[in-house]
Number of protein chains: 2
Amino acid sequence: VDELFYAPTLPQGDFTLDAIEAHHCMRVKRHKIGDRIQVFDGVGGLYEAEIVSADKATCTFRVQARKQADEPVVQVHVGVAPPKNPSRFEWLVEKLVEVGVSRITPISCQRSERARLNTDRLRRIVIEAAKQSGKLWLPTLDEMIPFESVLITESKARFIAHLGSESQALKDVYNGEETALVLIGPEGDFTGDELQTAKDSGCKQVTLGQHRLRTETAALVACHTINLLHD
Amino acid sequence: VDELFYAPTLPQGDFTLDAIEAHHCMRVKRHKIGDRIQVFDGVGGLYEAEIVSADKATCTFRVQARKQADEPVVQVHVGVAPPKNPSRFEWLVEKLVEVGVSRITPISCQRSERARLNTDRLRRIVIEAAKQSGKLWLPTLDEMIPFESVLITESKARFIAHLGSESQALKDVYNGEETALVLIGPEGDFTGDELQTAKDSGCKQVTLGQHRLRTETAALVACHTINLLHD
């Protein structure tokens, strides 16, 4: 997959790329009518397609062939309090997609710093990172929700990162479960109340090594650990 | 370690912080004469010190007590072709320090993109990341050297990342060696010649997962894999 365009929910027939993808296809990559392109739908479908009509701002293509990729076996759901600096959260999103994540939920915690999230921009980052690393299943990026709400989601294994004497190393308590939720708090850490709520809902308290990690590093390291140990 | 200043090669007596650290101490943290501060020397020494004279631009301190931290058991040396975008390399340096690296060598490869490296700025990033994550041994950041030159360094385990059929997963071939060199190529990958040269000097050809990773993601993932599997 050298060059890939994204068009969600493709059935059959003729389809159009959205404005951003059409611009990329026609202006940046300078494709013409009759060119073959590859399009993915974000839920495992990879389409061979031919451009049937286009100008500099639009692109309609006809599907010629379709392959379906299996859904990733391990589904890591990362719930993370975004750092104040938006660029740190943007790179986290890019890196989580590359390393392998199924869902990213920004969570607001009692000690959260005020973070402005541009969800549209973050979703573009998800798409670009998925293309770049050849991932045909697009991870979900949620809107920010309160910490407690992320606990409602289902996952066989559930972990909350916290540097405390009760914590065990994530690599020692992750047993290869196919669905895992990992919670990473703000720089000021989770409160005692939040920790208790998480433990009451089945989360194990884990550490990610002996050293303090920034929020975004902790989230990436946790996600990579689960991917590495599962594979 | 809540707040830490860096002063390399501390013997005994009275010492001064360099201009950047003095500014941070006196202007940002608003310390005064008589205040107790903590200073580290980057080679494991952590000093309790008292400020004995200072103005807004300088800071002299007297060492009261000294502790020595052991050198990290695992020493990961990352040789990496810097991406063209300097901010991607800067974050890689920060994240390698957090995750645990002993030496970072920017390498120039046949397919390297032209990267401008501001080594002074990168060394500041190393210091700040070491402070932030409480690492008292400061990793080395080298000037850029040709790919072949990094092969001269000694390491018990040596790996070169390459997506090829001969490659084995890093996690399967890393056997817990205490010193490891990992080589990560540019976006365009290593050439066949470079791969051969590396293999001739004892490098094993490894992959870091099934998906393409950006250069900086590959370097971070490789370094984290070795730290995780060694601990």
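This is a predicted model: local features need pLDDT of at least 70, side-chain atom pairs count only at pLDDT 80 or more; totals for chains, interfaces and linings use all residues.
Trainee: How are two packed helices described?
Mentor: One gives the angle between their axes and the distance between the axes.

Trainee: At what angle do helix α1 and helix α3 of chain B pack, and how far apart are their axes?
Mentor: Helix α1 (residues 19–28) of chain B packs against helix α3 (residues 119–132) of chain B at about 40°, and the axes are 12 Å apart. That angle makes α1(B) oblique to α3(B).

Trainee: Is the crossing left-handed or right-handed?
Mentor: The crossing of α1(B) past α3(B) is right-handed.

Trainee: Which residues meet there?
Mentor: From α1(B) come Ile20(B), Glu21(B) and His24(B), and from α3(B) come Arg124(B), Glu128(B) and Lys131(B). By class, this contact of α1(B) with α3(B) has four charged residues, one polar and one nonpolar.

Trainee: Turning to chain A, is Lys131(A) buried or exposed?
Mentor: Lys131(A), which lies in helix α3 of chain A, counts as buried because its relative accessibility is 8%, and buried means under 20%.

Trainee: Which residues does Lys131(A) touch?
Mentor: Among them are Leu4(A), Phe5(A), Tyr6(A) and Phe40(A), together with Arg212(B) from chain B. The side chain of Lys131(A) also forms a polar contact of 2.9 Å with that of Glu21(A).

Trainee: A new topic: where is Thr215(A) found?
Mentor: Thr215(A) is in helix α7 (residues 215–230) of chain A.

Trainee: Why does Thr215(A) count as buried?
Mentor: Thr215(A) counts as buried because its relative accessibility is 4%. The residues that Thr215(A) touches include Val80(A), Ala81(A), Ile184(A) and Pro186(A).

Terms used:
Residues are numbered from 1 along each chain as its sequence is written. Chains are lettered from A and ligands numbered from 1 in the order in which they are written. Side-chain values use heavy atoms; hydrogens and water are left out. Axes are lines fitted to C-alpha atoms, for helices over the stretch in contact, and angles run from 0 to 180 degrees between N-to-C directions. Helices (H or I, at least four residues) and strands (E, at least two) are DSSP runs, numbered from the N terminus. Angles under 35 degrees count as roughly parallel, over 145 as roughly antiparallel, 65 to 115 as roughly perpendicular and the rest as oblique. A crossing is left-handed if the near helix is turned anticlockwise from the far one by less than a right angle, and right-handed if clockwise. Contact means heavy atoms within 4.5 Å. Ala, Val, Leu, Ile, Met, Phe, Trp, Tyr, Cys and Pro count as nonpolar, Asp, Glu, Lys and Arg as charged, and the others, Gly among them, as polar. Buried means under 20% relative accessible area, exposed over 50%, partly exposed in between (1.4 Å probe, protein chains only). A polar contact is a pair of N or O atoms within 3.5 Å; within protein, one must be able to donate a hydrogen and the other to accept it, and residues adjacent in sequence count only if both atoms are side-chain atoms. Lists of a residue's contacts leave out its neighbours within four places in sequence.
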